[in-house]
Amino acid sequence: MDPEEFRRHAHALVDWMADYQRDVGSLPITPAVAPGDVRRQVPHAPPDDGEPFETLFADFRRVIVPGMTHWNHPGWFAYFPGNNSPPSILGEMLTAAIGAQCMSWATSPAATELEQVVMDWLRQMIGLPAGYVGVLQDTASTATLVALLTARERATDGVAGARGLGAVATPLAVYASREAHSSIDKAVKLAGYGLDMLRHIEVDERYALRPEALARALEADRAAGVRPACVVASVGTTSSTAIDPLRPIAELCRRYGAWLHVDAAYAGAAAIVPELRPLFDGMEEADSVVFNPHKWLLTNFDCTAYFVRDPAALLGTFQATPEYLRTTYDADVVNFRDWGIQLGRRFRALKLWFVIRHYGVEGLRAVIRRHVAMAREFASWVEADPDFELAAPVPFGLVCFRWKPVGRSEAALDALNARLLAAINGGRERFLTHTRLGGRYVLRLVVGQRTTEREHVAAAWESVREGVRGVGEAVSS
Ligand SMILES: *Cc1c(COP(=O)(O)O)cnc(C)c1O
């Protein structure tokens with residue numbers, strides 16, 4: 001494909017992208033496909049001879065698009081959002097076009113320096129004090145693994161990395177609430193602590209970690225000769241956006257010498273809004289903080305912001321400099337390959353730079369304020385309906401709620417709510433998911449997609465009520 005052909009195809013694709021953004025709301029939000037349906041439409045062996053790009057693009061529209069889940073549909077209320085935005089998409093296009101591998105300063109100085117600048121912008125935006133430095137990672141899961149590896153090295157004075165965990169005499173433990181994300185379990189396993197050494201701490205009636213229970217677990221471990229290495233606190237748990245009390249947790253971390261990692265993967269974006277900032281009180285005492293601009297800050301996947309107080313601890317854990325990567329600049333620059341697991345790095349800062357400059361901090365705040373206000377309005381409709389109940393507080397954009405007609409057992413309510421969810425999602429106009437809180441099946445509705453308007457939220461509530469009528473009739477007949 002020569003540059004002129006590329007130009008022609010690229011223009012056609014950009015036209016498709018603009019149409020897609022305009023029309024995505026009229027597509028089925030979830031695909032009507034069964035397992036294997038997409039694979040069956042694609043040849044099992046690669047083509048021997050190249051094919052015209054028109055054919056590839058036609059197959060993309062015919063086979064792939066109908067098999068996609070449309071996360072950027074205004075009826076997106078599932079999981080957490082996975083936003084993109086026009087400036088972010090344009091930034092990704094340029095990143096792909098340049099195709100640079102940004103492992104070191106010397107392999108693309110602008111990529112490293114823009115990442116430093118944009119991460120400091122983000123630091124200011126979420127209110128972390130000067131002194132924290134940030135690096136972009138692919139996902140929060142990776143950032144949490146990085147935190148647990150760094151905490152392991154700090155707790156063992158580097159012995160674990162140098163001689164292996166077998167050479168560490170004192171067992172190490174990690175602490176997180178029962179509601180913490182599964183990426184913590186995964187990272188505890190991968191970082192060599194062992195799942196048995198992850199202490200699941202009790203939560204209160206708001207699903208937030210109980211500091212007294214954490215204190216007891218830390219004390220019991222210390223008395224038993226176990227070294228508390230790391231506490232992972234969540235601001236905005238995945239099930240219900242519960243907020244662990246960071247100040248008392250930070251105080252305990254200081255007392256027991258444990259690393260404090262704050263997982264604000266979804267909610268961290270809300271820290272840019274001054275009136276929501278108090279929900280993050282104490283975050284500035286963490287050793288590390290992670291949040292995902294790829295969830296709620298209009299920057300398409302992947303883009304995870306990871307902040308640390310002490311970059312030397314990161315370097316001590318991850319630095320590896322073989323001869324072929326040495327450059328004459330190494331003493332004067334940051335090489336982000338030494339700040340995490342991967343060597344090769346994408347130029348992620350570009351799309352984030354475009355997003356922050358296009359919207360401005362006030363523009364981004366307005367998006368989050370709008371989402372939070374719509375979520376609270378939905379919650380008020382739930383509260384006003386005697387057949388429904390809120391299942392958790394609504395500090396951000398997530399509403400956890402449950403249909404609760406009188407005179408039903410808990411088991412019957414679980415089954416009814418599962419049927420209600422299927423009824424709501426069945427029309428493929430909107431998409432909600434569920435979780436369990438305190439053992440009970442509850443529905444989750446997250447307002448956080450960029451183009452979601454009040455009318456979509458109101459229609460979602462209408463579809464809940466309609467679902468209730470449908471399921472109610474089916475059950476009573
Ligand atoms: C989404 C989420 C994660 C995982 O994020 P990835 O970037 O997909 O790894 C971790 N923790 C919390 C609280 C989350 O909501």
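These legends describe close-up views of a predicted model. Local features need pLDDT of at least 70 and side-chain atom pairs pLDDT 80 or more, while totals for chains, interfaces and linings use all residues. Residues are numbered from 1 along each chain as its sequence is written, and side-chain values use heavy atoms, without hydrogens or water.

**View 1. The shell around the ligand.** The ligand is surrounded by 13 residues (a residue is near a molecule if one of its heavy atoms lies within 4 Å of it). The closest are Ala 140, Ser 141, Asp 263, Asn 292 and Lys 295. Two helices, α5 (140-155) and α10 (293-296), each supply at least two residues of this shell. Helices are DSSP runs of H or I, at least four residues long, strands are E runs of at least two, and both are numbered from the N terminus. By type, the shell holds 3 nonpolar, 8 polar and 2 charged residues. Here Ala, Val, Leu, Ile, Met, Phe, Trp, Tyr, Cys and Pro count as nonpolar, Asp, Glu, Lys and Arg as charged, and the others, Gly among them, as polar.

**View 2. Side chains facing ligand oxygen and nitrogen atoms.** An N or O atom in the side chain of Ser 141 lies 2.5 Å from a ligand oxygen. For Thr 238, the distance from a side-chain N or O atom to a ligand oxygen is 3.1 Å. Asp 263 places a side-chain N or O atom 2.7 Å from a ligand nitrogen. The ligand taken alone exposes 390 Å², and the protein buries 88% of that (Shrake-Rupley method, 1.4 Å probe).

**View 3. The stacked pair of Phe 80 and Tyr 266.** The model has 20 aromatic pairs. Rings of Phe, Tyr and Trp (its six-membered ring) pair if their centres lie within 6.5 Å; planes under 30 degrees apart count as stacked, over 60 as edge-to-face and the rest as tilted. Phe 80 and Tyr 266 are stacked, with 3.9 Å between centres and 0 degrees between planes. Phe 80 lies in the loop between α2 (53-64) and α3 (86-98), and Tyr 266 in the loop between β5 (259-263) and β6 (288-291), so the pair ties together parts 186 residues apart in sequence. Phe 80 is buried at 4% relative accessibility, and Tyr 266 is buried at 1%. Buried means under 20% relative accessible area, exposed over 50%, and partly exposed in between (1.4 Å probe, protein chains only).

View 4. The charged end of Arg 444 sits over the ring of Phe 80, 5.0 Å from its centre. A charge sits over a ring if NZ of Lys or CZ of Arg is within 6 Å of the ring centre and within 35 degrees of the ring normal. Arg 61 lies over the face of Phe 57, 4.3 Å from the ring centre.

View 5. Phe 301 and Asp 302 are joined by a cis peptide bond, with omega about 0 degrees. Asp 302 lies in the loop between α10 and β7 (304-308). Tyr 79 is not a glycine, yet has a positive phi of about 40 degrees. This tyrosine lies in the loop between α2 and α3 and is partly exposed, at 43% relative accessible area. Arg 428, also not a glycine, has a positive phi of about 55 degrees. Its loop runs between α13 (410-426) and β10 (433-437). Arg 428 is partly exposed, at 31%.

Notes: Polar contact = N/O pair within 3.5 Å; in protein donor to acceptor, adjacent residues only side chain to side chain.
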